[in-house]
Amino acid sequence: MTPFLEVSDLVMHRSGIQVLAVNHLAVESGQTLAVIGPNGAGKSTLLLALAGLLSPAEGGIRIQGQAIQSKNLLAHRRRIGLVLQDALLLDTSVFNNIASGLRFRGLPKAEVKRRVSLWASRLGIAHLLNRPARRLSGGEAQRASLARAFALQPELLLLDEPFSALDAPTRSRLLSELHDLLAETRLTTVFITHDLDEALMLGDQVAVLLEGRLRQVGTPEQVFAAPSDSDVAAFVGVETIIPGQVVASQDGQVFIEAHSQHFEAVGEIDPGRLVYVCLRPEDITLWQKEVSSVPRSSARNRLTGQISRMTQQGPLVRVVVDCGFTITALVTRSSTQEMGLAEGSQVEATFKASAVHLIGR
């Protein structure tokens, strides 16, 4: 089956210097691809190429099997919605900003009004339609920009770090609302970000760009739990990620079921919500399996498993434990020697509820 979006042997130059190389990247219809990487990794260059605003030096991009070429650029651009880090609103009313693309495409006035009203309401800015865009807050401006893009009813939505300049509470609310909109509309989306939480929350698939090269593509669980190389691992920073579901929440404690195991975390998330249970390796403590060796402590979470791999890392040892799913811990070399840990050893892993980081999915 032909993917909705496919990138093949793409090479991009800026000022005669190669800045991006992507051998192959595909996005299925209705999927959200989160492209992550540090600043300067080539993320925005990729998005501008997908938008038809930059021409490849080599390779190409296909939408539903049709190559993007100079002769069909206008038709291609009519199929996409684009939201950038800066809202780039016109110096006119919010209504006119949302309506601008629709008017450019020659839609009847009644249809323009209907779509503007619909998407302004969906994004919580219906009460701002008559306000000058220059008087909007950062969050309101990005809501207007998103409404403008959704109103076009695009086949492909391209988002270039749209929330990076917003304060944390505003960013959190907009992310949650965008997550729900994408789930409802099933609009094929490419979302550019350097923020790992955003990628986990929005991405059905995650692509990692480092130093202008595509290093790994997979589900969030695959990318964050099993980085393809040390560079990817160093960037994502989270080596244990377990999909689960919240089964209860009370007094600031969240109870999660994942792979027939139960976890406790600190937070406020409604029961029934699908989440990722994220743990950093330094937050996991390993003990010899004998019950007498595992003291009672403030660690509310306990798992048993078998060590499948141990890797020296300076004074520390990275220990991978198979608990029916993979977790990774960092242990001092002296501790591994004192406990006699080795590949094949049975161990108990403990971690505090406060160490668990939950991301909605």
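Accessible areas here come from the Shrake-Rupley method with a 1.4 Å probe, and for residues only the protein chains shown count as cover. On that basis the chain exposes about 17,000 Å², with carbon and sulfur atoms supplying 47% of it.

This is a predicted model, in which local features need pLDDT of at least 70, side-chain atom pairs count only at pLDDT 80 or more, and totals for chains, interfaces and linings use all residues. Residues are numbered from 1 along each chain as its sequence is written, and side-chain values use heavy atoms, with hydrogens and water left out.

**Overall build**

The chain has 10 helices and 20 strands. Both are DSSP runs numbered from the N terminus: helices are H or I with at least four residues, strands are E with at least two. The C-alpha trace spans about 75 × 50 × 35 Å along its principal axes. Of the 361 residues in the chain, 50% are buried. Buried means under 20% relative accessible area, exposed means over 50%, and partly exposed lies in between (1.4 Å probe, protein chains only). Among contacts with a separation of 6 or more, 65% join residues 24 or more positions apart. A contact means heavy atoms within 4.5 Å.

**Aromatic cluster**

The structure holds four aromatic pairs. Rings of Phe, Tyr and Trp (its six-membered ring) pair if their centres lie within 6.5 Å; planes under 30 degrees apart count as stacked, over 60 as edge-to-face, and the rest as tilted. One of the pairs is Phe-263 with Phe-325, a tilted pair at 6.3 Å centre to centre and 55° between the planes. Phe-263 sits in strand S13 (residues 261-266), while Phe-325 sits in the loop between strand S17 (316-322) and strand S18 (326-332). The two are 62 residues apart, so this pair links distant parts of the chain.

Phe-263 also pairs with Phe-351, this time stacked, at 6.1 Å centre to centre and 25° between the planes. Phe-351 belongs to strand S19 (residues 346-351), 88 residues from Phe-263. Phe-263, Phe-325 and Phe-351 form one aromatic cluster. Is Phe-263 buried or exposed? Phe-263 has a relative accessible area of 1%, so it is buried. Phe-351 is also at 1% relative accessibility and counts as buried. Phe-325 is buried too.

**Pockets**

Rolling a probe the size of a water molecule over the atoms shows where empty space is left. On a 1 Å grid over the protein atoms alone, a pocket is an open set of points where a 1.4 Å probe fits, with protein on both sides within 12 Å along at least five of seven lines; lining residues have an atom within 4 Å of a point. Volume is the space filled by probe spheres set on the points, which are joined across faces, edges and corners.

| Pocket | Volume | Lining by class |
|---|---|---|
| Largest | about 590 Å³ | 13 nonpolar, four polar, five charged residues |

Ala, Val, Leu, Ile, Met, Phe, Trp, Tyr, Cys and Pro count as nonpolar, Asp, Glu, Lys and Arg as charged, and the others, Gly among them, as polar.

The largest pocket is lined by 22 residues; Arg-77, Ile-80, Leu-82, Arg-105 and Leu-152 lie nearest its centre. Strand S6 gives the most to this lining, four residues.

For the second largest pocket, 18 residues form the lining, and Ser-172, Ile-269, Leu-358, Ile-359 and Gly-360 are closest to its centre. Helix H6 (168-185), helix H7 (196-202) and strand S20 (357-360) each give two or more residues. H6 supplies the largest share, five residues.
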